[in-house]
Amino acid sequence: MAGHIDEKKLFTGALVIIAFATLALVVMPYVQLKHVKAPAELKPYTDQQAHGRKVYMSMGCVYCHSQQPRDAKYAPDDKRGWGRASTAADYAYDKVHLLGTMRTGPDLLNIGARQPSQDWHLGHLYQPRAYTPGSIMPAYPFMFVERKGPAKDGEVVINLPPAYAKPGITIVATRDALGLVEYLKALDRTYPIKKTIEQSLEKAK
Amino acid sequence: MDGTALILLLTFLVSVTGLLVFIWSMSNGFFNTKQSASHIIFGQNEIGLVEDPASNQTNNELQEAAGETDASLTQKELSDRLIADKSSALPAFVCLLTAMCWLIVGSAAAIIASIKLHEPDWLVSQAWLTFGRMRSIHLNSVIYGWASMAGVGVSLWLIPRLLKTPLVGAKFVYWGAIIWHVALMCGVAAIGAGYTDGMEWLEMPWQVDIFIVLGGALMGLPLFLTLANRKVDHLYVSVWYIGAALIWFPILFFIANIPNLHFGVQGAAMNWWYGHNALGLWFTPIGLGAAYYFIPKVLGRPIYSYNLSLLGFWCLAFFYSQVGGHHLIGGPLPTWMVTLSIVQSMMMIIPVFAVAVNHHMTVGGNIKAVIHSPTLRFIVLGSMLYVAASVQGSLEALRSVNVITHFTHYTVAHAHLGMYGFFTLVMFGSIYFIMPRIVDWEWPHPWMISAHFWLVALGFAVYFIGLTIGGWLQGVAMVDAAKPFMDSVAVTLPYLKSRSIGGGLMVLGHLIFMIHFILISLRYGTKKEPALLIPKVNIPFIKEAKVAATELKRG
C-alpha cells in the first residue's frame, strides 16, 4: 500500500475544481440574479398560458426556437423584428428557462407582438406550410380534432387558407393547441427596458 | 471599479494563481512522477510486445509493424492479468451489452429526427413522433444509454488492469445497471409521452433522475472499492481521468436535477454548466483515459511524456469545468460569466495540445500498426478528432465566430464531432479490444470490423462536412438582415439531406457492429488457439501462457 497519497490528490483536486466551477457558473449567478425583479409591464402567466408553456416544452419547441434576441450592436436580431436584447428581468416568471440554442426557426421572445392572431397561430400549427412556404416546421395535426359536421358550442375552429382547406371537414383546436397559442401570444417583451442586470441590482440594494 | 470588472479580475487572478501553484508543485516534485511511471501498465519485460485481441491473431503484421522484439510476460504476470480480466468480465459485459442496445435505439431516433428536418410532413400523426420529442429521445438514449454505459463498461474493465487488482464489488454493478436502465427506459418513455423537465440534456423527469443517481453511484462504487485494495504503487494517468470522471458526474447530475431550485436565466447558466461539463468532466476524461491506456498498450510502447499527460489532466479539469457559459454568448446573462467561459475555452488549447503531442509522439507515425490494429484504427482516429473538436470549440467561443455559428446546425455538427468523432469512436475501439478478453473468443468476422469502420468513418465525414457547411451558410444568412429569415432555412436543405445520408451510413455501421457483438457474445464460429491470450508472435512464453490459462480455468 502506497499510503494512498495519489488518491488524496485525486479526490481533493477533483472536488476543489468542481467546487470552483460550480461557484463560478451556478452559485454566483444564483446570488446575483436572485434579486432581479419582474418589470411592471410583464404579467405572470395565466393558467391557460402556463399550460401552453408546458405544451411548448413537451413538444420540444425549444430545440428550434430561441427566446433571446441578441444586442443590436452584436447581431441584427432587432432588424428581423425579434425585439431588443432581452435582460434577466424579462424571464422573471420563467421557472424553467427556454432560452434555446438553435434557430432552425425564428426567435420567439416577442412572437406575440409580431403575430397576435389566434387564427394564424392555430392554422400555422396545423400546417405551417400553408402560411410560410418553405417552412420545415413539423405539422401538429394531433393537436386538433377533425370531424364531419359543424363545431359544438365553445369550440374553436381553424380556417385554413383555400389551397389547404378541407371541404366538409371541421378542424377543432384541442386544449393543448389553444393553450400553446395563448402562450405564444403572451410572448411579448416589447416594453422598454434600459436596465442591465447590474443596474437593476443597484436599485434592489 | 464596478462589480463586474472586480469579479472578472478575481476569477482571472485565481486562474493565474492556480496555474502558478500547479507549475510550482510540478517543479518541486509534488507529483513525483518519473517517466517510468508510464511503464506501470506493462509487465516487467513486456514493452515492445503488441496486444490487440481484435487483430488477426494468426499472422503477425501488427507485431512486425511495431518492430521485432524479444519481450515477454512472466507466468505470474500473465496469470495476474488473466485474473484481473476475469474479475471485470461480467460487470463490463453487462454494461457494454446494454450500451449497444441503447446505441441502436438512439440511432433509430436520430435518423427519424434527421429525416423530419427535411420532410416535415412525415410521421406527424402522433405526438411522440414529433421532431422535438424524437430529438430528445435520441439525445437521452445516446448520452445516458450508449455513451455513459459504454464509458462505465470500459472503465470497469480497465480498472483491474490499471490497478493490477481484481475488481471488488461486481455485484453493485449488476444492481446499478438494472436500476439505471429501468430508470432510463422510464425517462425516455416519459419524454415520448411529453413529460419533460424542459432543459436540454436534463429532459428526464426528476423523479427518474433519483434512480439514475442511485444506479450510477452503485456502478461507480467498485472503482473506489478496488482503489482501496490496489497493488500498484502509482496511479496511471488513465486512473486519474476515470476516477475523477466518476467523482464528477454524480455531483453534476445531482445538482443539475434538484427540482425547484434553479430559475429563469440562472437556470440557463446552470443548464450549460451541466451540459458542457457532462462532455468535459464525464465523457472526455473517460475517452482520454481509455485512449491513454489502449494506444500505448496495443503498440507495446509507453506514453511519450508521462508528465505531459498529467499536466494535461489537471489543465483539462480546471479549464474545461468553466467553459459552459460560452453556450450563452449574446444572451441575457451576466457578462463576467460569459467572458470567463470564453477565456477558459481558449485556455483549453493547452490541455488539448498536451494530448495531441502525447498521442502523436506515442503512435510515432506508425501508420502500419494503426492499419493492422482494429482497436487503434478507431482510437487513433477518435483521438485526432478530439483535438479537432476541441480546437474548433475554442474558436467557436470567440464572439466574432460565435455570432455566425451560434443558433445554427454548425453547432450540432460540432457537438457530434466531440460526442461521436471522438468519444464514440474511442469506445468502439475499446470494445473491439475488450470483448475478445471478456468472452474468451475471437471476433468472428474481420470484414465486419472493416465494414463498421468504413461505414461510420465515411458516414460521419458526410454528416460532419455537410452540416458544418450548411450551418455556416445558415449563420451567414441569418446575420444578414437584408435577407429574409426563410433564406437561412432554404440554404440548409441540401445539407440536412446529406446529413440523413451520412447518418444512414453510420446507422448501418452500428447495425453491423451490433450483429458482430451478438455473434462474439454467443461465441459464434470456431475458437482459435491460443485462447487469445497473447499474439502468436515472438512467443518464447507461449507454453507458460497456456499453462497459466489452464490453471486459471481449473482454479
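A residue counts as buried when its relative accessible area is under 20%. Keep that cut-off in mind as you walk through this predicted model.

**Stop 1: a loop in chain B.** Select B:F407, in the loop between α14 (399-405) and α15 of chain B. Its relative accessibility is 0%, so B:F407 counts as buried. Now check the backbone: phi of B:F407 is near 70°, a positive value in a residue other than glycine.

**Stop 2: another positive phi.** Move on to B:R523, in the loop between α18 and α19 (542-554) of chain B. This residue is not a glycine either, yet its phi is positive, about 55°.

**Stop 3: across the chains.** Next come the aromatic rings, which form 44 pairs over all chains. Show A:W82 together with B:F485: their ring centres are 5.7 Å apart and the planes meet at 70°, so this pair is edge-to-face. A:W82 belongs to the loop between α2 (47-58) and α3 (111-114) of chain A, while B:F485 belongs to helix α17 (residues 485-490) of chain B, so the pair joins two chains. Both A:W82 and B:F485 are buried.

**Stop 4: a tilted pair within chain B.** Select B:Y432 and B:F513, whose rings lie 5.1 Å centre to centre with 40° between the planes, a tilted arrangement. This pair links distant parts of the chain, 81 residues apart: B:Y432 sits in helix α15 (residues 409-439) and B:F513 in helix α18 (residues 493-521), both of chain B. B:Y432 and B:F513 are each buried.

**Stop 5: charges over rings.** Back in chain A, pick A:R84, which lies over the face of A:Y191 at 5.1 Å from the ring centre. Then jump to chain B, where the charged end of B:K171 sits over the ring of B:F172, 5.2 Å from its centre.

**Stop 6: a strand pair in chain A.** Finish by colouring strands β1 (residues 144-148) and β2 (residues 169-173) of chain A. How many bridges join them? There are 5, and the two strands run antiparallel. Strand β2 of chain A is mostly covered, with 4 of its 5 residues buried.

Notes. Residues are numbered from 1 along each chain as its sequence is written. Chains are lettered from A and ligands numbered from 1 in the order in which they are written. This is a predicted model: local features need pLDDT of at least 70, side-chain atom pairs count only at pLDDT 80 or more; totals for chains, interfaces and linings use all residues. Side-chain values use heavy atoms; hydrogens and water are left out. Buried means under 20% relative accessible area, exposed over 50%, partly exposed in between (1.4 Å probe, protein chains only). Two strands pair if DSSP finds at least two bridges between them. Rings of Phe, Tyr and Trp (its six-membered ring) pair if their centres lie within 6.5 Å; planes under 30 degrees apart count as stacked, over 60 as edge-to-face and the rest as tilted. A charge sits over a ring if NZ of Lys or CZ of Arg is within 6 Å of the ring centre and within 35 degrees of the ring normal.
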